[in-house]
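Reader: I'd like a close look at one part of this model, with a bit of its surroundings. Could you walk me through it in plain terms?

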Amino acid sequence: MPRQSEENGRVADGEVLLKVTGLQKHFPIKKGLLQRQVGAVHAVDGLDFEVRSGETLGVVGESGCGKSTMGRLITRLLEPTGGKVEFEGKDITHLGVTGMRPMRRDVQMIFQDPYSSLNPRHTIGTIIGAPFRLQGVEPEGGIKKEVQRLLSVVGLNPEHYNRYPHEFSGGQRQRIGIARALALKPKLVVADEPVSALDVSIQAQVVNLMDDLQEELGLTYVIIAHDLSVVRHVSDRIAVMYLGKIVELADRDLLYKTPMHPYTKALMSAVPIPDPKRKNAKSERILLKGDVPSPISPPSGCRFHTRCWKATEICRTTEPALVELRPGQQVACHHPENFEDQAPQDTVLLSAAKEAAELVADEVLAESAQTSEALATAVAEGEVGTEEATASADAGTEEAGASEEAAASDESAASEEPEASESSEQADEEAEAPEEPATAEKPAVAEKPAVAEKPAVAEKPAASED
Ligand SMILES: Nc1ncnc2c1ncn2[C@@H]1O[C@H](COP(=O)(O)OP(=O)(O)OP(=O)(O)O)[C@@H](O)[C@H]1O
């Protein structure tokens, strides 16, 4: 049971606030007159993670990997198909509307699109004051005074209480969304792509605001983003998702210095490096081949095996468990990077892997072969402990880490077309009555591959079948 801090009933910093076990969401696909179920979109397919009080957990992955669905499941805007969600030690997986009501104060969501998430017919005073009315809470000094205080907390003019959303810019609207989410002093805030609909110049302001508010108000964040550049500065830990699963979950610095999952490595290489001194940067990019497979029938074994340059037979047949290979770093991979091979007997590359390897830069393949081999030998000979071996392997990746630092500071998170997201009202309705959609119309997943200017000819890191 998590420890509660005496003064405010909050879980003490560092203690588990949210725990998710085996979480699943399968959207049924129905067809025909009788709407018979013919399949399911496996949007979220067995997630296990914890969020500790006071931390920021970043969640990244390509479009369609299930990030938003995960966000909606943990805020209970969607009903899970399987698994368990515990908040402050209490099982909230299947709580009904009444049971969830008190919890709605503690868990809030910030939506992606500040244009469609605010009701255009309501003043911002009404919008930010709505949570008080919905929860029947009368703040000290009245709702208007509290809303004006919230406006100034998020850097807006309290005098603008009576203005309408269209009178504000995108960044200001997102501040309004943040003020609304903070109204009831929540413990956990889940932000779904909070800045991706904003101009690059505004993104940093909103991210900094969220960062400041976290410190001031002792908030815990889960921040969802489609690339690593947004979450890297604000996250304490980062979870990388692929096709409904977490493939790597690690402390931020470990993830950047020594990513273990090949998919993490590919995602990181997609971050543009605007450093003119690094002339060779583009040759280190990894271009993931092909589309993300359909979540209706995900690949067997490791779901990434159809696009991975290290995939062998075991990857096709056996699903790797998410295990802590190094303190603070969990990964689900048979042939991790920067760590000893977990299936060294399995050296024959699948033919898809050979093709994928052609799109991976020589430098990446060489480094990957070297680090894994060096670690395997050193550990087998008992010369060094795993930690030391890892540290020596780290040296080689230091440069890449540093350049990404530069990348992320000036970098523009790839801006996305704003897409329709619910209004607060809709969200509230969903919250009251989570509904299964009748038909899964849009299982298609768009890939956002890294840009590889010139696919390098691969040097295979492992023996190949011919
Ligand atoms: N209501 C729904 N009915 C059917 N399928 C859905 C529904 N919502 C999401 N999906 C499907 O579930 C999968 C995961 O979607 P989700 O929106 O969670 O992904 P995402 O990683 O957040 O992507 P994006 O960044 O594009 O929002 C996708 O294949 C999507 O088409």
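Author: Happy to. Bear in mind that this is a predicted model.

Now back up into the helix itself. α3 covers residues 124-135, and its buried residues are Ile124, Ile127, Ile128, Gly129 and Pro131. Here's a handy bit of background: an α-helix has 3.6 residues a turn, so residues three or four places apart point the same way. Keep that in mind while looking at the helix and its partner.

That partner is α5, residues 170-182. The axes of α3 and α5 lie 7 Å apart and meet at an angle of about 30°. Angles under 35 degrees count as roughly parallel, so α3 runs roughly parallel to α5. On the α3 side, the contact is made by Ile124, Ile127, Ile128, Ala130 and Pro131. From α5 come Ile176, Ala179 and Arg180. Sort the residues of this contact by class and you get seven nonpolar, one charged and no polar. Ile124, Ile127, Ile128 and Pro131 turn up among the buried residues of α3, and they also take part in the contact with α5.

Elsewhere in the chain, have a look at Gly71, which sits in helix α1 (residues 67-74). Gly71 counts as buried because it has 24 C-beta neighbours inside 10 Å, and the cut-off for that is 20 or more. Setting aside neighbours within four places in sequence, Gly71 touches Met109, Val190, Asp192, Val222 and Ile224. Take Met109: it is 38 residues from Gly71 in sequence, yet their C-alpha atoms are 8.2 Å apart in space.

Zooming out, the chain has 14 helices and 12 strands. Of its 466 residues, 46% are buried. And if you take contacts with a separation of 6 or more, 73% of them link residues 24 or more positions apart.

Note on methods: Residues numbered from 1 in each chain as written. Predicted model: local features only at pLDDT ≥ 70, side-chain atom pairs only at ≥ 80, totals over all residues. Buried ≥ 20, exposed ≤ 12 C-beta atoms within 10 Å, placed from the backbone. Helix = DSSP H or I, 4+ residues; strand = E, 2+ residues; numbered from the N terminus. Axes fitted to C-alpha atoms, helices over the stretch in contact; angles between N-to-C directions. Parallel < 35°, antiparallel > 145°, perpendicular 65-115°, else oblique. Contact = placed C-beta atoms within 7 Å. Nonpolar A, V, L, I, M, F, W, Y, C, P; charged D, E, K, R; others polar.
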